[in-house]
Amino acid sequence: MSLLFVAGVALGATVHIGRGGAVSGAAGTQVSAWLALPENGGGVTAVVAHPTTTAATPGPATTAPPPLVATPPRSAATTAPTDPPTAAARVSEALARISYPWRQLGYRIVFMGPEPGMWGRTSQRSLSTIDIYVRPDESVDMLAHVVAHEIGHAVDLVYGTDQRRSLWLELRGISPRPWFTCSMCQDFSTPAGDFAETFAFWQLHDYSRSQLAPAPTPTELSQLAPLFGP
């Protein structure tokens with residue numbers, strides 16, 4: 001499924017949206033539940049969606065006949081089923097892949113249940129909140145990239161200036177253009193989105209979906225990295 005991230009600055013928020021992101025069925029039922037994370041995870045709030053379940057009322061106790069056990073052939077290999085990682089486990093692993101000291105930005109990250117078509121949102125600096133919408137089937141790789149992308153926006157909002165952004169465009173070979181565009185416009189086709197995707201690539205060494213320039217080389221990254229700090 002192709003993904004489309006969209007950035008908007010209306011109400012001071014950067015929003016990322018994916019096509020076909022609607023979730024249906026029990027896994028998509030948005031019943032929020034708090035998840036416990038490691039005690040040292042200050043600044044992180046995890047709220048994810050869980051499906052609702054109904055427990056049947058047990059009937060009167062009866063004496064069950066002994067179970068019939070079928071012995072598999074000796075040549076048949078048997079393996080125990082492996083449960084998929086819980087949302088809390090995926091969140092913890094995704095955060096563990098981020099080496100940047102993002103808490104110094106003054107932002108907090110809130111992990112919530114799936115929102116149809118949305119992946120993440122970064123508020124303006126005065127609100128200092130990053131919202132991440134975790135899907136039941138979202139891989140750790142994808143979740144980590146979304147988190148890194150949103151942290152990249154927070155870095156830009158905290159440290160970005162006209163001079164630094166002009167230098168960024170020059171180093172990336174992007175012609176001068178507005179850094180932010182209209183509300184809910186494509187994120188990957190904006191300088192702000194290029195900054196966030198490059199930041200995520202720098203953190204994870206995975207990929208960049210910027211439509212303005214290719215993923216930077218190691219030499220180019222060494223020139224860009226200072227713009228990720230104060």
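The following legends describe close-up views of a predicted model.

**Figure 1. Helices H3 and H4 pack against each other at an angle of about 70 degrees.** Helix H3 covers residues 162–172, and helix H4 covers residues 191–204. Their axes lie 11 Å apart. Angles from 65 to 115 degrees count as roughly perpendicular, and H3 and H4 are therefore described as roughly perpendicular to each other.

**Figure 2. Residues of H3 meet residues of H4.** On the side of H3, the contact involves Trp168, Leu169 and Arg172. On the side of H4, Pro191, Asp194, Phe195 and Thr198 take part. Sorted by class, this contact of H3 with H4 has four nonpolar residues, one polar residue and two charged residues.

**Figure 3. Arg97 and Asp141 are joined by a salt bridge.** Side chains of opposite charge can pair when their charged atoms come close. In this pair, the N to O distance is 2.5 Å. Arg97 is partly exposed, its relative accessible area being 32%. Asp141 also counts as partly exposed, at 47% relative accessibility.

**Figure 4. Glu93, Arg97 and Asp141 form a network of salt bridges.** By the rule applied here, the count for the model comes to five salt bridges.

**Figure 5. A salt bridge connects Asp131 with Arg121.** The closest N and O atoms of the two residues are 3.0 Å apart. Asp131 lies in strand E7 (residues 129–133), and Arg121 lies in strand E6 (residues 118–122). The pair links distant parts of the chain, the two residues being ten residues apart. Is Asp131 buried or exposed? Residues under 20% relative accessible area count as buried, so Asp131, at 10% relative accessibility, counts as buried. Arg121, by contrast, is partly exposed, with a relative accessible area of 31%.

**Figure 6. Asp156 and Arg165 meet through their side chains in a salt bridge.** The distance from N to O is 3.1 Å. Both residues of this pair, Asp156 and Arg165, are buried.

Methods. Residues numbered from 1 in each chain as written. Predicted model: local features only at pLDDT ≥ 70, side-chain atom pairs only at ≥ 80, totals over all residues. Heavy atoms only, no water. Axes fitted to C-alpha atoms, helices over the stretch in contact; angles between N-to-C directions. Helix = DSSP H or I, 4+ residues; strand = E, 2+ residues; numbered from the N terminus. Parallel < 35°, antiparallel > 145°, perpendicular 65-115°, else oblique. Contact = heavy atoms within 4.5 Å. Nonpolar A, V, L, I, M, F, W, Y, C, P; charged D, E, K, R; others polar. Salt bridge = Lys/Arg side-chain N within 4 Å of Asp/Glu carboxyl O. Buried < 20%, exposed > 50% of the residue type's maximum accessible area, 1.4 Å probe, protein only.
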